Amino acid sequence: MKQGHLSQYFIGIAVKHLSAVEADVLVSNQHEFNGVEALKLIFGNASWRQQFPAKFVYLSDRNEEAVVADGFLTWYDARDKHPKRTEHRLYFPTTVVSELAAEGDLLVIGRRPDGSVLVVVAESNSTVANQVRWLFGVTDLGQTGYLIREELDTEQDRIAFASRAILEAIGVSVETPATDLLEDMLQRFRGGFPSTRDFSAYARSTLNEAYQGDNSDALLMAWMEREEALFRTLERQIISSRLSAGFGDDVDSFIAFSLSVQNRRKSRVGFALENHLEQLFVQRGVRYSRTPMTENKSRPDFLFPGVQQYRDQAFDTGRLTVLGVKTTCKDRWRQVLAEADRVERKHLLTLEPAISSNQTEEMKAKQLQLVLPEPLHQTYSPEQRTWLNTVEFFLDRLLSQQ
């Protein structure tokens with residue numbers, strides 16, 4: 001097991017696409033899979049009925065949150081009394097997740113180091129299915145049978161910003177590498193959370209000068225990785241202190257506190273991306289306006305070269321650029337289309353890996369250009385990569401127009 005790799009969270013994984021028969025099994029009351037000999041690589045030979053606590057997760061692009069259910073798996077040999085033959089089976093209970101499964105969906109069965117099992121079903125041809133495949137390094141699945149991975153500590157399996165987000169989406173709590181800056185942060189920020197702008201500036205300041213020579217794509221990812229690690233370190237300390245104080249019998253206060261933690265995480269990472277992008281614009285000498293008001297009180301994240309030029313009807317629209325910024329897209333990318341009417345072709349910068357071809361084709365049709373840091377381009381198909389913009393390319397384009 002290597003720290004910071006998938007092997008820290010999984011002993012082994014099995015992946016396949018659900019056939020029509022298997023999908024029918026999942027939604028019926030007969031949840032026993034035959035033909036699972038390959039799973040012996042993960043669960044071993046069953047000489048008796050072995051029961052594993054399990055978490056079941058269903059993912060689709062239509063839902064912001066995963067559908068989750070707790071249950072168990074039973075692994076057994078239906079012919080354990082036979083002198084020569086074995087017939088291993090895997091039993092799934094009925095859950096809201098199994099009832100949502102359909103033919104073609106991606107099925108992932110992951111054995112965890114604590115003895116539990118994670119079962120993920122991802123809707124076929126979806127972005128989330130692409131992301132789960134990328135996370136586990138599964139690019140080519142056959143029509144039948146499981147693909148098994150037992151070694152999960154290669155370079156491909158290193159956990160970075162994008163893979164951490166996918167792991168947390170499927171219910172895996174990812175440990176943040178400890179930093180030696182906790183005391184400095186507690187002192188500097190007086191034991192609380194600073195503004196997102198201040199924290200982003202602090203995160204950048206803690207990286208040594210070697211990073212400053214990197215191109216814009218690598219630099220943006222380095223800043224985001226650094227801020228995430230520092231924030232999680234500070235957050236853990238602050239939350240631990242609050243939990244130690246306790247909530248007594250005040251359930252509402254506990255729920256409110258839990259929601260505030262989740263909401264802070266979501267909003268902070270979005271602001272962090274905007275803050276670091278703004279720093280790149282400043283360093284490269286790009287003129288911009290951040291969240292200016294345009295038609296119908298809409299506020300695009302960034303407008304180039306600025307809102308004054310946008311409001312000047314004599315200014316060449318070919319030199320105007322609007323950029324939406326979203327760490328993840330889902331269906332929210334369409335919000336960018338309604339911002340800044342004078343600009344027909346919009347741009348969207350995201351950190352979301354492996355967006356489905358269906359979605360990127362729709363983006364093209366709607367004249368929305370996707371911009372991603374170059375390290376994330378490898379999560380897309382070769383055909384998609386020819387269309388994607390890097391951050392460096394986007395900045396060069398802005399400078400050429402200004």
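The legends below describe close-up views of a predicted model. Residues are numbered from 1 along each chain as its sequence is written, and side-chain values use heavy atoms, with hydrogens and water left out. Because the model is predicted, local features need pLDDT of at least 70 and side-chain atom pairs count only at pLDDT 80 or more, whereas totals for chains, interfaces and linings use all residues.

**View A. The largest pocket and its lining.** The largest pocket has a volume of about 1,600 Å³, where a pocket is an open set of points on a 1 Å grid over the protein atoms alone, reached by a 1.4 Å probe and with protein on both sides within 12 Å along at least five of seven lines, and a volume is the space filled by probe spheres set on the points, which are joined across faces, edges and corners. Its lining, meaning residues with an atom within 4 Å of a point, comprises 49 residues, with Ala165, Glu168, Ala169, Lys266 and Thr328 nearest the centre. Helix H9 (251–284) is among the elements that supply at least two lining residues, and H9 gives the largest share, 11 residues; helices (H or I, at least four residues) and strands (E, at least two) are DSSP runs numbered from the N terminus. By class the lining has 22 nonpolar, 11 polar and 16 charged residues, with Asp, Glu, Lys and Arg counted as charged, Ala, Val, Leu, Ile, Met, Phe, Trp, Tyr, Cys and Pro as nonpolar, and the others as polar.

**View B. The second largest pocket.** About 500 Å³ of space lies in this pocket, and of its 26 lining residues Asn130, Arg133, Thr139, Thr379 and Ser381 are the closest to its centre. The largest share, four residues, comes from H4, and the lining divides into eight nonpolar, 16 polar and two charged residues.

**View C. Arg342 in the loop between S11 and strand S12 (346–350).** The side chain of Arg342 instead has a polar atom 2.5 Å from the backbone oxygen of Tyr310, and reaches the backbone oxygen of Asp312 at 3.0 Å.

**View D. The cis peptide bond from Phe304 to Pro305.** This bond has omega near -5°, and Pro305 is found in the loop between strand S10 (302–304) and helix H10 (307–311).

Definitions and conventions
A polar contact is a pair of N or O atoms within 3.5 Å; within protein, one must be able to donate a hydrogen and the other to accept it, and residues adjacent in sequence count only if both atoms are side-chain atoms.
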